[in-house]
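Please look over the sequence and the model shown here before reading on.

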Amino acid sequence: MYAMNDYDDQDYVYDYDGHTGDPQLDAEYLYNSHHSKRAIPDEVEKFIKHFCAAIQNGNVFEIQNMYENLFPSLSEKYYEKNDWPSDKDIKFINDKNFLILYKELYFRHIHARSKNPSLQMRSNSFLNYCDLFNLILLSETPVQLELPDIWLWELVDEFVYQFQNFAYYRARLTDKSESDKQDLNTNAAKHWNILCILNVLHSLIDTSNIKIQLEVAESGGDPESVAGEFGRHSFYKMLGYFSLIGLLRLHSILGDYYQAIKVLEPIEIHKKSQFTHIPACQISTSYYVGFAYMMMRRYSDAIRTFSSILLYIQRTKQLYSSRSYQNDQINKQTDQMYHLLAICLVLHPQCIDESLQQVLREKNYHENMYKMQCRDMDVFRNFFIFGAPKFVSPCPPPLNGEIADFHKEPIDHQTEVFLDEVRQQIELPTIRSYLKLYTTLPLEKLAAFMKPGMSEDDERFVSNLLINLLCFKHKMKNIVWTKGPSGLAGKFQSGSELDFYIDNEMIHIADTKVSHRYGDFFVRKILKFEELNRRLHQFKI
Amino acid sequence: MDDGKELIIADILKSIERYNPDHLNILEAYVASQAKNNTYDLEANLAVLKLYQFNPNKLNYNITHLILLKALTNFPHTDFTLCKCLLLPAQMDDDTVKTIIYLADILESCDFALFWMKVGMTDFVANITGFYDSIRKFICHVVGITFQTIEKDYLVRLLGDIDGYALASWIKKYGWKDEGDLVFIASQDNNIKTKNITEKIEFESLAQLMAGCL
């Protein structure tokens with residue numbers, strides 16, 4: 001029986017006793033020595049049998065209930081500190097396909113429970129994914145499996161997550177035993193290989209013809225007509241769609257923002273469609289897209305993407321209030337997006353929805369935003385690191401090199417690239433704050449504001465100011481998406497609220513004046529009143 | 001490079017083949033041809049950097065330099081940042097890469113006079129056909145969105161102390177007007193003006209709410 005922090009010790013136990021180097025055998029050893037002693041509660045055995053039957057019968061509603069409600073509640077009741085019974089322990093099941101699906105949940109539970117699963121567990125989980133994808137992709141006719149969409153989404157997302165987690169784990173060399181290190185270079189060297197991950201996702205996309213299906217649907221045609229034998233099945237179609245989002249995440253954590261947005265080209269992310277009914281998928285998509293836009297200095301697009309999903313979350317937030325692993329992730333991503341939105345608004349001030357402003361105010365983002373405007377690089381750094389995804393390197397660290405921890409390298413690199421960008425435009429908020437006060441302002445006068453104490457005719461300050469003004473115009477004129485399915489396309493626009501031009505020695509300033517908005521305020525009060533009214537009527541006196 | 005090869009490259013980039021290191025040779029040759037023939041293909045170049053990221057043992061520094069320099073020629077687009085995000089620690093440690101990043105930093109900050117001074121001290125940009133004019137195009141873009149009228153001497157400095165003949169041709173290219181000491185860029189009143197955002201509420205957006213109150 002093992003608890004969370006027993007893992008490291010256990011690795012050593014296996015090294016001395018029974019460790020064969022073969023992950024499959026090792027895993028068997030592990031199961032035999034620990035699990036068989038543990039009796040399976042009747043309730044769990046019954047559940048597993050029903051689960052298997054439901055999947056065999058393709059009863060999606062029942063499967064969904066078992067997947068979304070029963071499995072988590074049983075996990076909480078019996079397996080908060082242990083793993084679920086391994087496939088060897090549930091001899092009463094002999095459906096091979098069900099066992100693969102069951103093991104997917106089994107390993108996912110291990111990954112969720114222990115933040116740092118053992119190498120064997122990681123490898124076995126990978127091999128099980130291989131079995132699963134081989135089953136789905138190598139079959140000559142579509143496999144007869146019906147799974148709820150939420151499962152399919154979490155399957156793909158978890159697959160990318162476990163790769164990310166493995167890549168992070170692999171890059172940390174100082175906390176590994178010798179045998180783990182050796183395994184990483186030999187038996188497990190091919191496990192969680194980046195090409196394998198890409199191959200799976202691309203194959204799922206190709207098999208389902210999802211790209212062409214989306215294109216045809218977009219132009220008003222019938223996607224069924226191009227779906228092909230596999231893509232006609234909801235199972236393949238949804239896996240294909242979720243794989244596009246999986247690629248978005250995968251490219252993002254490798255720092256390839258161009259490909260990240262490019263793979264979504266058949267999807268119009270701001271449009272509702274038959275694929276947008278899984279909130280976690282919607283939220284995750286917007287998070288990575290918004291982040292990629294921010295890194296491409298497309299602040300307008302980033303702000304639009306974050307705002308629209310944050311408003312959606314606000315409207316539906318009662319759905320995520322209960323504590324579950326799905327909601328934990330949604331709430332974390334929401335927080336991250338508020339941080340990123342705050343950064344974007346400092347760099348590119350722009351009008352956003354009042355209710356989001358209110359959150360930024362209430363949760364004390366304003367103080368940090370003010371610090372960022374005053375060039376506090378530490379706040380930029382902290383906000384970025386909190387808001388950014390966990391970057392990883394696609395390759396293991398050098399084989400015979402120094403024993404060090406390389407897992408921070410990718411995040412450090414992306415942070416530096418971002419901070420370089422911030423440093424280039426660090427003067428702009430100050431300039432903006434002065435320009436805001438005027439409609440016309442001579443260059444010399446502004447230069448004097450910027451460097452108090454200079455003499456009026458000091459040319460050096462004026463020429464420095466001109467550099468900053470050119471930089472202002474350059475940085476605030478960015479590609480903004482206007483229409484069409486490609487998120488990469490767009491037109492150069494100045495989307496920020498303050499703009500100006502220079503006529504020889506005079507700056508002419510154009511500001512955006514926003515008159516008070518009452519609509520939102522009244523709508524909110526009306527809704528509140530209605531709610532109150534409804535509750536009052538429920539009272540029985 | 002003839003069209004046939006470009007077609008092959010487009011096919012490679014479209015599929016999973018883009019991650020196949022066997023294609024590095026053909027893609028690297030394509031980068032070199034972009035440098036020579038003053039053409040540009042960001043997607044192919046990013047694919048090369050990604051192949052280096054996946055296969056650090058195949059890293060080619062000369063090609064890395066060409067890709068980064070080509071990205072400089074496509075300002076004001078943020079291609080350079082996209083390339084930079086894909087660089088490996090080994091590439092970041094390379095002296096030439098550091099210099100190119102420094103040049104990019106100056107360009108991003110719009111300190112053009114400094115840029116011309118620093119770029120004059122390097123020799124690698126000679127490998128990129130049309131490099132200087134691409135940079136001037138970017139500078140003209142920034143001038144074009146910033147100024148209504150600009151001092152001619154200042155404009156000449158921004159463009160790297162070009163001679164009168166070259167200046168005249170840039171002025172002509174962008175449809176600016178030479179007015180003696182000043183150059184008239186464009187009338188900006190129409191592009192850059194104060195915006196007033198007032199609240200507009202559509203009836204449709206409230207219909208449901210109002211219906212609910214009945």
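Predicted model: local features only at pLDDT ≥ 70, side-chain atom pairs only at ≥ 80, totals over all residues.

Residues are numbered from 1 along each chain as its sequence is written, chains are lettered from A and ligands numbered from 1 in the order in which they are written, and side-chain values use heavy atoms, with hydrogens and water left out.

The secondary structure of chain A comes to 24 helices and 6 strands, taken as DSSP runs (H or I of at least four residues for helices, E of at least two for strands) and numbered from the N terminus. Of its 541 residues, 55% count as buried, where buried means under 20% relative accessible area, exposed over 50%, and partly exposed in between, with a 1.4 Å probe and protein chains only. A:Ser433 lies in helix α21, residues 428-435, and counts as partly exposed because its relative accessibility is 37%. The side chain of A:Ser433 reaches the backbone oxygen of A:Thr430 at 2.6 Å.

Turning to the interface, 60 residues of chain A are in contact with 54 residues of chain B, contact meaning heavy atoms within 4.5 Å. The two chains bury about 5100 Å² between them, 61% of it on carbon and sulfur atoms; this buried area is the accessible area (1.4 Å probe) that two parts lose on being put together, summed over both. On the side of chain A, A:Leu470, A:His474 and A:Tyr501 lose the most area to chain B, together 13% of what that side buries. Between the chains the count is 5 salt bridges, each a side-chain nitrogen of Lys or Arg within 4 Å of a carboxyl oxygen of Asp or Glu. The side chains of B:Glu108 and A:Lys475 meet in a salt bridge, at 2.6 Å from N to O.

In chain B, helix α4 (residues 61-72) has 12 residues and reaches 17 Å from its first C-alpha to its last, close to the 16 Å expected at 1.5 Å a residue, the expected span being 1.5 Å times one less than the number of residues. Helix α4 of chain B is mostly covered, with 10 of its 12 residues buried, among them B:Ile63, B:His65 and B:Lys70. What covers these buried residues includes α2 (24-37), α3 (42-54) and α9 (131-146) of chain B. At the start of the helix, a side-chain oxygen of B:Asn60 reaches to within 2.9 Å of the backbone nitrogen of B:Asn62.

Key: Polar contact = N/O pair within 3.5 Å; in protein donor to acceptor, adjacent residues only side chain to side chain.
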